[in-house]
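Please look through the model below with these notes at hand.

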Amino acid sequence: IAVPREARIAGALRERARPVAAAGAALVRLIGLGLDGRRCEVPMAQFPTLLVKYVVVPAFLLLALVLPYLGGAPGAYLTSIMAVLFMAWHFTQPKPLVDDVGGTLAALGFVILLIIWWLTNPVGRQDYIFATNFAIFLFITPMAAALSRFASPRNVMIVATMALAGAGIAFGYALWQKFALHVTRVEGLGAISIASASAAAVLGFLATIGYIQSKRPTRYLYLIGPLMGIAVIFWSGSRGPLLAVPPMLAVLVFFMFNNRLVAAGIIGATAIATLVAFVVFPDRLGRFGTITEAFIAAFTNQDLPFSGSNGKRLVILRASIDAFFHSPWIGHGWGEKNAWVRYFSNDVIHLSKRLRNHLHSDILNFGVSGGLAGLTAYALIILAPVVSAWRSVRDSQYTARLMAALLISSGFAAAGAVNIVIGFEFLTTLYAALTAIVIGFCRDAQVIHTRPAHA
């Protein structure tokens, strides 16, 4: 009996598909998705958990560790969406009590900002709404708690590898811009050169936790991360991110060498060599060489030409100090800080164009807008990762976790000394996401504290 051509083709396709289907079913069983290998059906009760575990959390890690340089502000919003999704799932699960003191401090910092900006709010305006730019600090603890459900002894290496990939992507894209497109100041997608270079530097140094955690010869590859981050900084021509390198380098050296005297010697020698280079050879460092004259002018009360960036920022610094002492306790409010700095400056016309929404320094932003209360809130936010890591459980990833927290805090604090970091949606989201990843995800096991049952 002749078999129709269509039936022969269908039979052949079925025969070829059987090995693929069998391999797929075996893979599903192997990775533990909880699926029925014969029918490949997912129980509806397990679907949200599987979606979060294999789609949402990996996407969050990818956006926060691998793609910041290409994501910029749009990537920050996607990162926040992923965080909302896995936090919503987390609140439907049995609720463990996660020990995260630092996240509580960051949340307290947000509350302080909200209160003082409500108190300084001008009549008829709603400037206190600016506090919502910092609302993500309310959710560091929930994010860390949700991520701790996926804790594993190998998570530090996963984070280090992804951060190295993120630094590599930044390096590759910056390299292409610099030498293929001949761009003067390279930058990432969706962010200005200062912000994207800061992100590349932090990711590059964060990758070095892989060197600390691993004992394999391949661990030396993770030391390439800082080199790629520094290269991106120089190609960007951004001086602010360069200030983040010394403290992060000091943290790296401190954890690399068990002999603290040797570590201190290396840090001191590097600091002296860097200082000599900037003082003796400033002309050979291009834009970066002007850092020396800016610091000398700031500490010796000298003036710089207002036409240059350093001259403008020097005027901003001095006017900001005067504005701070005019209201040292609770400041002038986020929406009014620029107006007060313009008032105390000697060149109102020029600065009115220069000062759009920030004072080019996190310290000045929080000091003028919130006074001592604002600076306290900023300190709580910056110290949150370190406090959380220091108070966390002493498992096999504790040292790497503490090092990562110190890198994040020192890097963002130093970069924010002369630029806006906390308050700029891209870097604010990145800071909160990296903190939650280090504190919650980089653990050997989920930390669960059970409350005693009531009699």
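1. Helices here are DSSP runs (H or I, at least four residues), numbered from the N terminus. Axes are lines fitted to C-alpha atoms, for helices over the stretch in contact, and angles run from 0 to 180 degrees between N-to-C directions. This is a predicted model, in which local features need pLDDT of at least 70 and side-chain atom pairs count only at pLDDT 80 or more. Residues are numbered from 1 along each chain, and side-chain values use heavy atoms, without hydrogens and water.

2. Helix H5 (residues 140–148) and helix H19 (residues 425–441) have axes that come within 8 Å and cross at roughly 45°. H5 is therefore oblique to H19 (under 35 degrees is roughly parallel, over 145 roughly antiparallel, 65 to 115 roughly perpendicular, the rest oblique). The crossing of H5 and H19 is right-handed, meaning that the near helix is turned clockwise from the far one by less than a right angle.

3. On the H5 side, the contact (heavy atoms within 4.5 Å) involves Ile140, Met143, Ala144, Leu147 and Ser148. Their partners in H19 include Ala432, Ile437 and Phe441. The contact of H5 with H19 has nine nonpolar residues, three polar and no charged.

4. Most residues other than glycine have a negative phi. His182, in the loop between helix H6 (155–179) and helix H7 (193–206), has a positive phi of about 60°. His182 counts as exposed (over 50% relative accessible area) because its relative accessibility is 62%.

5. His360 also has a positive phi of about 60°. His360 lies in the loop between helix H16 (348–354) and helix H17 (362–391). With a relative accessible area of 14%, His360 is buried (under 20%).

Technical notes: Helix = DSSP H or I, 4+ residues; strand = E, 2+ residues; numbered from the N terminus. Nonpolar A, V, L, I, M, F, W, Y, C, P; charged D, E, K, R; others polar. Buried < 20%, exposed > 50% of the residue type's maximum accessible area, 1.4 Å probe, protein only.
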